Amino acid sequence: MIQDGFMYVSVLTAFAALMVGIEKRFKANRFFKFIPGIVLIYIGAALMQTAGLFGDSESNVAIYTGVKNALLPAMLMLMLLKCDVRSVIKLGPRMLGGFIVAVFSIMVGFILVYAIFKNFYVEDTWKAFGALSGSWTGGSANMVALQGILDVPENIFGYALMMDTINYAVWVMFMFWLVPFASKFNKWTKADVSFIENSIDEVAATSESEKEGPQFQHLLYLLGLGLFVSAFSTFIGGRLPEVGAVINATSWTIMIASVVGLVLAVTPAAKIPGTLDVSNVMLYIVVALIASQSDFSNLAQAPIYLVSGFLIMFVHLVIMLLLAKLFKYDLFTLGVASLANIGGMASAPMLAAAYNRALIPVGVIMALMGSFLGTYFGMMIAKILGAI
C-alpha cells in the first residue's frame with residue numbers, strides 16, 4: 001500500500017503516460033475509437049484504489065488536494081487561450097443560434113430525466129449530473145472543474161464519467177452516420193446552406209494559423225503562465241464571499257481563471273504553440289487523481305445511469321429536430337453544435353471535417369465556446385436539479 005504522497009502522484013502520472021503511449025501506439029485499433037485513453041486512465045486508477053494500492057494517509061490527501069487545485073485552474077485557462085471572442089462573433093447568428101438550441105435541449109433533457117427517475121438514483125446524484133452537464137455543454141475539463149466546485153463524491157462521479165464515455169460514444173457514431181443524409185435533411189427543413197458555402201474560403205484561411213510546433217521556451221511560457229494564473233485565481237477566489245451552495249471559493253477560482261484565459265485569448269499569448277499539449281497533460285493528471293479516490297463497489301447502479309444518459313440524448317434529439325424544422329436549420333449546423341457541446345474539442349472539429357475540411361475551424365471555435373461556457377451551464381443545471 002502506497003502511503004507516501006510523492007510516490008502516489010508519481011505512480012498515477014506514470015500510469016497516465018503509459019495509457020497515452022499505448023493509445024498512440026495502437027490508435028488505429030477499433031478499441032481506442034470507442035474507449036479513449038483518458039477513460040482507461042480513469043478505470044485503471046479506480047481499480048488501483050479498489051484493490052487497496054493507495055492508502056488514506058495525510059501525505060496522499062495533501063498532495064491530492066494540492067496538485068489537483070493547482071492544475072485545474074491552470075488547465076482551464078490554457079484551454080481558453082484559443083477561444084478568441086472576435087472569432088466567435090464572426091460565426092454569425094445562425095451558428096450561434098444552433099449552439100444555443102443545443103444547450104437548451106440538453107438542459108431540458110437533464111431536468112426532465114432527473115425529475116422522472118430521481119427516486120432510482122443514489123444520494124447526491126444531482127451533483128454528478130451537474131458535473132456531467134458541464135461536460136455535455138462544454139467538455140471533459142468542465143466536468144472535472146464542476147467535480148471540484150460541487151464537491152461530487154468520487155464514487156458517484158464514476159457514474160458520470162461512465163455516462164460521458166458510453167453514451168457519448170454512441171452519440172458521436174450517430175452524428176457521423178447522419179452526414180450522408182445532410183442534403184435530404186436540409187430539404188426537409190428547407191434550410192439555406194449558402195452561408196456555409198460562402199464562408200468556406202474565408203474559414204479555410206484560418207486553418208493555416210499554427211504550423212510551428214511547440215519548442216522548449218513555449219512549453220516553459222505556458223507552464224509558467226498557467227501556474228501563475230492558477231495561484232492568482234486561487235488567492236483571489238479564496239477571499240471572495242460564498243453565494244448559495246454552488247458559488248464557493250473553488251467556483252470563484254475557476255471563474256477567475258476562465259475570464260483571464262478569455263482575456264489573454266485576444267493577446268499575443270494566444271499564439272504560443274503547445275497550449276493544447278500542456279493543458280492535456282494537466283487534464284490527464286487531474287483525471288487520474290480524481291479516479292484514484294474512487295472505486296467500483298457500487299457499479300450495480302450503473303444500468304439506470306446509462307439509461308438516463310440515452311434518455312437525455314433522446315430529449316436533446318427531439319427538441320433539436322423540432323427547432324430545426326421551425327427555424328429551418330441545416331444538419332451541419334445542428335450536428336456541429338451538438339458535438340461542440342456533448343463531444344467538445346475531441347469530436348466537433350472531426351464532424352465539421354466530415355462535411356468540409358475547410359470548416360474544421362468552425363468546429364474548433366464552437367467547441368472552445370462550449371469549453372468556456374460549459375462550467376457555468378453545469379452550475380446552472382446543478383442548481384436546478386438540487387432544488388427538485
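Guide: Buried, in what follows, means a relative accessible area under 20%, exposed means over 50%, and partly exposed lies in between (1.4 Å probe, protein chains only). This is a predicted model, in which local features need pLDDT of at least 70 and side-chain atom pairs count only at pLDDT 80 or more, while totals for chains, interfaces and linings use all residues. Residues are numbered from 1 along each chain as its sequence is written, and side-chain values use heavy atoms, with hydrogens and water left out.

Visitor: Why is His218 called buried?

Guide: The relative accessible area of His218 is 10%, which is under 20%, and therefore His218 counts as buried. His218 belongs to helix H12, residues 216-237, where a helix is a DSSP run of H or I of at least four residues, numbered from the N terminus. For the protein as a whole, 53% of the 388 residues count as buried, and there are 18 helices and 0 strands, a strand being a DSSP run of E of at least two residues.

Visitor: What makes the pair of Gln215 and His218 a polar contact?

Guide: A polar atom of the His218 side chain lies 2.9 Å from the backbone nitrogen of Gln215. A polar contact is a pair of N or O atoms within 3.5 Å, and within protein one must be able to donate a hydrogen and the other to accept it, while residues adjacent in sequence count only if both atoms are side-chain atoms; the pair at 2.9 Å is therefore within that limit.

Visitor: At what angle do helices H15 and H16 pack, and how far apart are their axes?

Guide: Helix H15 (residues 302-327) packs against helix H16 (residues 331-342) at about 150°, with the axes 12 Å apart. That makes H15 roughly antiparallel to H16, because angles over 145 degrees count as roughly antiparallel, under 35 as roughly parallel, 65 to 115 as roughly perpendicular and the rest as oblique. The axes are lines fitted to C-alpha atoms over the stretch in contact, and angles run from 0 to 180 degrees between N-to-C directions.

Visitor: How do you know whether Ala191 and Asp330 are buried or exposed?

Guide: Ala191 has a relative accessibility of 17% and therefore counts as buried, and Asp330, at 1%, counts as buried too. Ala191 sits in the loop between H10 and helix H11 (194-206), whereas Asp330 lies in the loop between H15 and H16. Leaving aside neighbours within four places in sequence, Ala191 is in contact with Asn186, Lys328, Tyr329 and Asp330.

Conventions: Contact means heavy atoms within 4.5 Å.
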